[in-house]
Amino acid sequence: MRSLKIKLRNRTNCIIWRKQAVNLANWAKKGALIAVTGRLQTRNYNNQQGQRVYVTEVVAENFQMLESKNKESSEKEIKENTEPDFTPTGCS
């Protein structure tokens with residue numbers, strides 16, 4: 001079974017499994033903006049010092065890329081598609 005762990009900005013681990021993990025690893029780069037749906041999972045373990053450590057993780061069920069693979073070209077397309085067309089008509 002293949003899994004991929006993702007570190008979120010708020011220091012919560014995100015775990016994704018199987019084909020979703022392979023797809024995310026192939027398409028997302030470090031720092032990519034993605035949306036994840038899933039569930040929270042809390043577990044605990046004893047570390048080497050014998051202290052109990054609690055961990056909360058997001059177990060991802062689905063993800064969606066919020067940026068295209070080629071961000072630069074998509075930003076250019078967005079700019080071109082949102083600029084108003086001020087073509088003068090009937091001006092002399």
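Trainee: What secondary structure does the chain have, and what pattern does it follow along the sequence?

Mentor: The chain comes to two helices and four strands, and, read along the sequence, these elements follow the pattern β-β-α-β-β-α.

Trainee: Why is Phe 63 called buried?

Mentor: Phe 63, which has its place in strand β4 (residues 52-65), has a relative accessibility of 19%. Buried means under 20% relative accessible area, and therefore Phe 63, at 19%, counts as buried.

Trainee: Which residues is Phe 63 in contact with, leaving aside its neighbours within four places in sequence?

Mentor: With those neighbours left aside, Phe 63 is in contact with Ile 16, Gln 20, Asn 23, Leu 24, Ala 35 and Val 36. A contact requires heavy atoms within 4.5 Å.

Trainee: Why is β2 described as largely enclosed by the rest of the structure?

Mentor: Strand β2 has five residues, and four of them are buried, so β2 is described as largely enclosed by the rest of the structure.

Trainee: Is Glu 57 buried or exposed, and how do you know?

Mentor: Glu 57, which lies in strand β4, has a relative accessibility of 1%. Since the cut-off for buried is under 20%, a value of 1% places Glu 57 among residues that count as buried. The side chain of Glu 57 is also joined to the side chain of Arg 43 by a polar contact of 2.9 Å, and a polar contact needs a pair of N or O atoms within 3.5 Å.

Trainee: How do you know that β2 and β4 pair, and in which sense do they run?

Mentor: Two strands pair if at least two bridges are found between them, and three bridges join β2 to β4, which run parallel. Looking at individual positions, Asn 13 stands opposite Glu 57 in β4, while Ile 15 stands opposite Val 59 in β4.

Trainee: What makes β3 and β4 a pair, and how many bridges do they have?

Mentor: Strand β3 (residues 34-46) and β4 pair in the antiparallel sense over 13 bridges, where at least two are needed. Ile 34 stands opposite Met 65 in β4, and Asn 46 has Arg 52 in β4 as its bridge partner. The hairpin of β3 and β4 has five residues between the strands, and in this hairpin Gly 50 takes a positive phi near 85 degrees.

Trainee: Why is Arg 18 called exposed?

Mentor: Arg 18, which lies in helix α1, has a relative accessible area of 51%. Exposed means over 50%, and therefore Arg 18, at 51%, is called exposed. Arg 18 also has a positive phi of about 60 degrees, although it is not a glycine.

Trainee: What share of the chain's residues count as buried?

Mentor: Of the 92 residues of the chain, 15% count as buried. The accessible surface of the chain comes to about 8000 Å², of which 48% belongs to carbon and sulfur atoms.

Trainee: What is the mean pLDDT of the chain, and where does pLDDT stay under 50?

Mentor: The mean pLDDT of the chain is 76, and 62% of its residues reach 70 or more. Over residues 85-89, however, pLDDT stays under 50, and the model has zero contacts beyond four places in sequence for these residues. Where pLDDT is low, the predicted coordinates should not be read in detail.

Notes
Residues are numbered from 1 along each chain as its sequence is written. This is a predicted model: local features need pLDDT of at least 70, side-chain atom pairs count only at pLDDT 80 or more; totals for chains, interfaces and linings use all residues. Side-chain values use heavy atoms; hydrogens and water are left out. Buried means under 20% relative accessible area, exposed over 50%, partly exposed in between (1.4 Å probe, protein chains only). A polar contact is a pair of N or O atoms within 3.5 Å; within protein, one must be able to donate a hydrogen and the other to accept it, and residues adjacent in sequence count only if both atoms are side-chain atoms. Accessible areas come from the Shrake-Rupley method with a 1.4 Å probe; for residues, only the protein chains shown count as cover. pLDDT is the predictor's confidence in each residue, from 0 to 100.
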